[in-house]
Amino acid sequence: MIAMEHAAPRRRHGRPLSFDREAALGTAMLLFWRHGYEATSVAQLTQAMGITPPSLYAAFGDKRRLFRAALHRYMTGARTVEQIIGEAASARDAARDLLVAAATGNTGEATPPGCLLASALVSGSAEEAELREELASIRRDIEARLRSRIAQDVAEGRLPSGCDAAALAGHTLAVIQGMSTLAKDGADRGKLLRIVETAMACWPGPGG
């Protein structure tokens, strides 16, 4: 959900671990982001990373473990979800900050359009069920953190007592995922930020 700038990776060939691991991981992350997990082959990864297959396996284990490492790098970018929600003054601010971060991250100059979590959807073989569940779990966790913050604001009177925390958090996450699709279809940052304002207009006022 967070945009990150990446330096051009150094391209080296040779023995396992004789390359810049972090630069190679950044390159892999961008490939998964652009093409998705299933459509990105080991051959594409090693060519772009500038390494041999044995180097990839020695450094990361296999394609799935490499994807997990790339996903971790993506989720721990400039500001994590935990920081965005935890540092916000209110649930409304947390939702707005998440939406703005998504709109910005979906339209970065140095990154593919859209969101890696959405772009990397795994829908194929049963053997990838664990990976599908991991992606779903990340999305559920984001929603749960926001839902908890909304419920806190309801309890403290900053939102109306009848506010549906689950529906409001779900709506926010639905907009975030929808903006990723729009970005991949060519929507620019200005359009996504206008969608953010429209989404925030659905939020209820302070509780009485």
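Of the 208 residues in the protein, 45% are buried (buried is under 20% relative accessible area, exposed is over 50%, and partly exposed is in between, with a 1.4 Å probe and protein chains only). Before the details: this is a predicted model, where local features need pLDDT of at least 70 and side-chain atom pairs count only at pLDDT 80 or more, while totals for chains, interfaces and linings use all residues. Residues are numbered from 1 along each chain as its sequence is written, and side-chain values use heavy atoms, with hydrogens and water left out.

1. **Overall make-up.** The protein has 10 helices and zero strands, so you read α-α-α-α-α-α-α-α-α-α along the sequence (helices are DSSP runs of H or I with at least four residues, strands are runs of E with at least two, and both are numbered from the N terminus). Among contacts with a separation of 6 or more, 71% join residues 24 or more positions apart (contact means heavy atoms within 4.5 Å).

2. **The core.** The largest nonpolar core has 61 residues. By nonpolar core I mean a set of buried Ala, Val, Leu, Ile, Met, Phe, Trp, Tyr and Cys residues joined through side-chain atoms within 4.5 Å. Phe32, Met49, Leu66, Leu146 and Ile150 have the most contacts inside it. Take Ile150: with neighbours within four places in sequence set aside, Ile150 is in contact with Ala91, Leu159, Cys163, Ala165, Leu168, Ala169 and Trp203.

3. **Helix 1 on helix 4.** Helix 1 (residues 21-35) packs on helix 4 (residues 63-75) at about 95 degrees, with the axes 9 Å apart. That angle makes helix 1 roughly perpendicular to helix 4 (under 35 degrees is roughly parallel, over 145 roughly antiparallel, 65 to 115 roughly perpendicular, and the rest oblique). On the helix 1 side you find Glu22, Leu25, Gly26, Ala28, Met29, Phe32 and Trp33, and they meet Lys63, Leu66, Phe67, Ala69, Ala70, Arg73 and Tyr74 in helix 4. By class, this contact of helix 1 with helix 4 has 10 nonpolar, one polar and three charged residues (Ala, Val, Leu, Ile, Met, Phe, Trp, Tyr, Cys and Pro count as nonpolar, Asp, Glu, Lys and Arg as charged, and the others, Gly among them, as polar).

4. **A closer look at Leu25.** Leu25 sits in helix 1 and counts as buried because its relative accessibility is 4%. Not counting residues up to four places away in sequence, Leu25 touches Phe60, Leu66, Ala69, Ala70 and Arg73. Leu25 and Leu45 are 20 residues apart in sequence, and their C-alpha atoms are 9.7 Å apart in space.

5. **Helix 8 on helix 9.** Helix 8 (residues 129-155) and helix 9 (residues 165-184) have axes 8 Å apart and pack at about 135 degrees, which makes helix 8 oblique to helix 9. From helix 8, the contact uses Arg139, Ile142, Glu143, Leu146, Arg147, Ile150 and Ala151; from helix 9, Ala165, Ala166, Leu168, Ala169, Gly170, Thr172, Leu173 and Gln177. The classes in this contact of helix 8 with helix 9 come out as nine nonpolar, three polar and three charged residues.

6. **Helix 6 on helix 8.** The axes of helix 6 (residues 91-105) and helix 8 come within 8 Å and cross at roughly 155 degrees, so helix 6 is roughly antiparallel to helix 8. Ala91, Arg92, Ala94, Ala95 and Leu98 of helix 6 make this contact with Leu146, Arg149, Ile150 and Asp153 of helix 8. The contact of helix 6 with helix 8 divides into six nonpolar, no polar and three charged residues.

7. Ala103, in helix 6, counts as buried at 0% relative accessibility. Ala103 touches Met179, Arg189, Leu192, Leu193 and Val196, residues up to four places away in sequence not counted. Met179 is 76 residues from Ala103 along the chain, with 6.9 Å between the C-alpha atoms. Leu135, found in helix 8, is buried with a relative accessible area of 1%.

8. **A loop residue.** Arg158 is in the loop between helix 8 and helix 9, and with a relative accessible area of 34% Arg158 is partly exposed.

Note on methods:
Axes are lines fitted to C-alpha atoms, for helices over the stretch in contact, and angles run from 0 to 180 degrees between N-to-C directions.
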